[in-house]
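These are my notebook entries on a structure that I am meeting for the first time. I record what I looked up, in the order in which I looked it up.

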Amino acid sequence: MIGPLLRLATTTLAANRLREAATEAMMRMLLVVAAAAGGVFALVCFTRAGLTVLERQVDPAEAWAIVGLVYALLGGALYFAAIRRR
């Protein structure tokens, strides 16, 4: 008689823990998505601000080339940092 009651209690506890884990995973995922969206928005804003400053000094094509070079160098540095980590 006690066996089925214990099984019911453990099943209920396991279901509650599973629900809590799913809720926590969803919250972490939403925080990561929000952080990524904020990062992309900041990158766009800083790029536009940099272009505005550069276009006052050089023509727009040169300004875009400078920004592209900066991003290419940053991408290369991040790539080498990632492969060095292995």
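I began with Arg28, which counts as exposed because its relative accessibility is 56%. For this term I keep the cut-offs at hand: buried is under 20% relative accessible area, exposed is over 50%, and partly exposed lies in between, with a 1.4 Å probe and protein chains only. I note that this is a predicted model, in which local features need pLDDT of at least 70 and side-chain atom pairs count only at pLDDT 80 or more, while totals for chains, interfaces and linings use all residues. Residues are numbered from 1 along each chain as its sequence is written, and side-chain values use heavy atoms, with hydrogens and water left out.

I then asked which side chain meets that of Arg28 in a salt bridge. I found Glu24, at 3.3 Å from N to O. The rule asks for a side-chain nitrogen of Lys or Arg within 4 Å of a carboxyl oxygen of Asp or Glu, and by it the count comes to one salt bridge. Arg28 and Glu24 are separated by about one helical turn, because they are four residues apart in helix H1. Glu24 is partly exposed, its relative accessible area being 45%.

Next I looked up the surface patch. Met26, Met27, Met29, Leu30 and Val33 form a nonpolar patch with about 490 Å² of accessible area together. Patch members have over 30% relative accessible area and no salt bridge; like charges are joined within 9 Å, and nonpolar side chains (Val, Leu, Ile, Met, Phe, Trp, Tyr) within 5 Å. Areas come from the Shrake-Rupley method with a 1.4 Å probe, and for residues only the protein chains shown count as cover. Met27 lies in helix H1 and is partly exposed at 48% relative accessibility.

My next entry concerns Thr47, in helix H1 (residues 2-57). Is Thr47 buried or exposed? I record Thr47 as buried, because its relative accessible area is 16%. Leaving aside residues up to four places away in sequence, Thr47 touches Val67 and Tyr71; contact means heavy atoms within 4.5 Å.

Finally, I turned to the whole chain. I found two helices and zero strands; these are DSSP runs numbered from the N terminus, helices being H or I of at least four residues and strands E of at least two. The C-alpha atoms fill a box of roughly 85 × 30 × 10 Å along the principal axes. Of the 86 residues, 5% count as buried. The chain exposes about 7,600 Å², of which carbon and sulfur atoms supply 73%.
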